[in-house]
There are 4 protein chains.
Amino acid sequence: MMNHIEKLIEGFRRFRNNNYTQNHALFERLAKQGQSPKTIVVGCCDSRVDPAIVTDCDPGDLFIIRNVANLVPPYETSGTYHGTSAALEFGVRHLQVENIIVLGHCQCGGIRALMSQTPGVESQDGFISSWMKVASHARNRVLSRKHEESLEKQSRACEQEAILVSLDNLLTFPWILERVAQKKLALHGWYFDMEEGDLLRYDPDSNRFEPLS
Amino acid sequence: MMNHIEKLIEGFRRFRNNNYTQNHALFERLAKQGQSPKTIVVGCCDSRVDPAIVTDCDPGDLFIIRNVANLVPPYETSGTYHGTSAALEFGVRHLQVENIIVLGHCQCGGIRALMSQTPGVESQDGFISSWMKVASHARNRVLSRKHEESLEKQSRACEQEAILVSLDNLLTFPWILERVAQKKLALHGWYFDMEEGDLLRYDPDSNRFEPLS
Amino acid sequence: MMNHIEKLIEGFRRFRNNNYTQNHALFERLAKQGQSPKTIVVGCCDSRVDPAIVTDCDPGDLFIIRNVANLVPPYETSGTYHGTSAALEFGVRHLQVENIIVLGHCQCGGIRALMSQTPGVESQDGFISSWMKVASHARNRVLSRKHEESLEKQSRACEQEAILVSLDNLLTFPWILERVAQKKLALHGWYFDMEEGDLLRYDPDSNRFEPLS
Amino acid sequence: MMNHIEKLIEGFRRFRNNNYTQNHALFERLAKQGQSPKTIVVGCCDSRVDPAIVTDCDPGDLFIIRNVANLVPPYETSGTYHGTSAALEFGVRHLQVENIIVLGHCQCGGIRALMSQTPGVESQDGFISSWMKVASHARNRVLSRKHEESLEKQSRACEQEAILVSLDNLLTFPWILERVAQKKLALHGWYFDMEEGDLLRYDPDSNRFEPLS
């Protein structure tokens, strides 16, 4: 039986023989001229939601940040290593992308952990619970409105609210706010519903996530 | 002319009609039973190096963290939001993956920025230069040995050294070290050479990155 | 019976009658013109491994730093007293040495203490366990690879890995990195095996400690 | 012409053929049974003053700490790495030595730097000037009494006063004070005058450094 690492190596051989060979001219140009993606995607680490696959895009199209629950923390210059902020800075200021998509999805384990937490009880998950605090506004909004609903429904609502929190947080970065104000950069909230195979977009006018079709 | 967002939406429609439909049973099972990936990939945000595409893997196979230069910072409990550490914790302690692959690649913009920095001159890139400090040992090793080589050669060497720094840093997380020692978790350093379409693996015995074949 | 202090005084009289008298011109010149050693040795306090004796060198040859486990901590400007860093600064910037040798040895008590520590159990040895954290990367590497080997084998491996950590840390000092890059200063990792009476040198090409002969 | 590293390797071969071979039984016993030195020496890094050579002692006799100007900083538990304190802890609490000798010497570069500093002028030597603050009491005493004497005379006075400061600081370590009070541990201040080939000892009764003979 093939172990998982061997399977990935087999996969690389297929990639090399098919995708890489077919796109050889594109890879060559991308290697020579460097990348110039037009869009940043902030996606989740979840193994079921690969942004490049879900949008069937080409090499060079998407600059992709992936963290637990596709969160953008607020701008803050103290502390030490800010991985997501560094990636946003690289994409916005160096690559000068024109779009940032926060791509949420259903059944997010990080959001579920956040909604399951008993307030006041210190979680055992040091890094996760600390990281998920980025979305605490989203959690509070859901608890205030849907306190009696099931954990499933609360979590789905929180997954979408958390996208809005991240869109808000994006605007706390001065060089993002400036470009959005000048219409050089647009922010988008998307939500992949893997059960239905549907993609929803946040519509600021209706204040809802609406299906594409 | 189609703008970039419309192109991504077109891409999603293709994904839905092809990939999603063909894998419908898999997506349904993954939605119902949750994800159980066997491997974490720490990859770069670079638009040319999508881990799931380069390994041609299936939905549910890879838990993917993507940050600038595919770095793992050392374990540290102070500070505020640790996105990469939270994602590692989720993948290792909750999903119980069996492998962590640090996937570097050639022509990494983050590493290039690190190698181009004039020592002692404060960079304008607040978050990027702070984040790239994770790889400062790698930079130092390269400068000490290859001071007279071109920036291209230095950067390529640093891309590979930085993978080793991240492998070291992974071991600073107590719950990673414990599992590695018990042989429940294996750490891998991989390097994708997009110019050659080659995948190199770090071999601890030879202390070199060796091509797959 | 002669106590230990009297024995040392006896030793000084021998030194004065033999070594000092024979090298009188050298001592006189060194006193008048000052020292100009070409090499720093970072050695252990261990009573069995005296760097000047093991290399049978002359007065004025070696600028010798000795601390527990011959460690070099990373460059850091906060905190208060940095004895090893101050000594490196004196040797490198004032005396302008051309070599730094990190001289490890077998059966190092500090390394043994580090490898014996139960993770998560706070040690009673405040200063020692805090100091030995300099070598935690070395410990982690050994535990990840040799978890099932005896404490003796693990300690020996850690003694050698710790030398590599110190070599890395030397490069975090900007005025060391600069001189190494310019080939004005060379760094060496040596290991004295007192059981065999052998001296091993780290060879970066083979990534191994190789015997001199 | 032989370079300096080759010269040290030659020296090791001589050591191996002479000293190591002659003391083979002793080295073997020390390797098997571990070290049990009776004395700690806090010496200077200075290349002209090797404690083991100046006292012509045997392998295993002296546990030797060497830093700039043979200083003992006061006991303090904050900060990060305390190399000298860790070494004292190892020698006193683990090896249970019976003596600590602070071994100063004439023409100490660290003391000279301290006495040359213009008060209020920030030194360029970050680590050295910070480290030498350990001896600031010694400097102040000398300046208050010998303000008009030459830098040479001031420095020599300060070299001896600094030994007394270190003896004071040794007593700030609770496990040293306790052992000294119980007469299990004795503290000594020695001063090597390399110009005269003389060794002076501090005599608490006369409050002077007196020659051995």
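**Chain contacts and salt bridges in a predicted model**

In this predicted model, 85 residues of chain A are in contact with 85 residues of chain B. The two chains bury about 7500 Å² between them. Carbon and sulfur atoms give 62% of that area. The size of an interface is often given in this way, as the accessible area lost when the parts come together.

In one of them, R14(B) pairs with D56(A), and the closest N and O atoms are 2.6 Å apart. Helix α1 of chain A, residues 4-22, supplies the largest share of the side that touches chain B, with 13 residues. By class, this side of chain A holds 41 nonpolar, 23 polar and 21 charged residues.

The contact takes 85 residues from chain D and 85 residues from chain C. About 7500 Å² is buried between these chains, with 62% of it on carbon and sulfur atoms. Within chain D, the residues that lose the most area to chain C are F12(D), Y81(D) and F127(D). Together they account for 12% of what that side buries.

Six salt bridges span the interface of chain D and chain C. One of these links D58(D) to K7(C), at 4.0 Å from N to O. Helix α1 of chain D, residues 4-22, gives the most to the side that touches chain C, with 13 residues. That side of chain D divides into 41 nonpolar, 23 polar and 21 charged residues.

Some chain pairs stay apart. Chain A and chain D do not touch, and their nearest C-alpha atoms are 18 Å apart. Chain B and chain D do not touch either, with 15 Å between their nearest C-alpha atoms.

Over all chains, the count of salt bridges comes to 46. In chain C, E161(C) pairs with R141(C), the closest N and O atoms being 2.8 Å apart. This pair links distant parts of the chain. E161(C) sits in helix α8, residues 151-170, and R141(C) in helix α7, residues 136-145, and the two are 20 residues apart. Both E161(C) and R141(C) are buried.

A further salt bridge in chain C joins D193(C) and R156(C), at 3.1 Å from N to O. D193(C) lies in strand β4, residues 186-193, and R156(C) in helix α8, so the pair ties together parts that are 37 residues apart in sequence. D193(C) is buried, with a relative accessible area of 5%. R156(C) counts as partly exposed at 33%.

Chain D has a salt bridge between R48(D) and D46(D), with the closest N and O atoms 2.8 Å apart. R48(D) is buried, because its relative accessibility is 3%, under the 20% limit. D46(D) is buried too, at 1%. Elsewhere, salt bridges form a network that links R141(B), R145(B), E161(B) and D168(C).

Helix α8 of chain A, residues 151-170, has 20 residues. This helix reaches 28 Å from its first C-alpha to its last, close to the 28 Å expected at 1.5 Å a residue. Of its 20 residues, 15 are buried, so α8(A) is largely enclosed by the rest of the structure.

Definitions and conventions: Residues numbered from 1 in each chain as written. Chains lettered and ligands numbered in written order. Predicted model: local features only at pLDDT ≥ 70, side-chain atom pairs only at ≥ 80, totals over all residues. Heavy atoms only, no water. Contact = heavy atoms within 4.5 Å. Buried area = accessible area lost by both parts, 1.4 Å probe. Salt bridge = Lys/Arg side-chain N within 4 Å of Asp/Glu carboxyl O. Helix = DSSP H or I, 4+ residues; strand = E, 2+ residues; numbered from the N terminus. Nonpolar A, V, L, I, M, F, W, Y, C, P; charged D, E, K, R; others polar. Expected span 1.5 Å × (residues − 1). Buried < 20%, exposed > 50% of the residue type's maximum accessible area, 1.4 Å probe, protein only.
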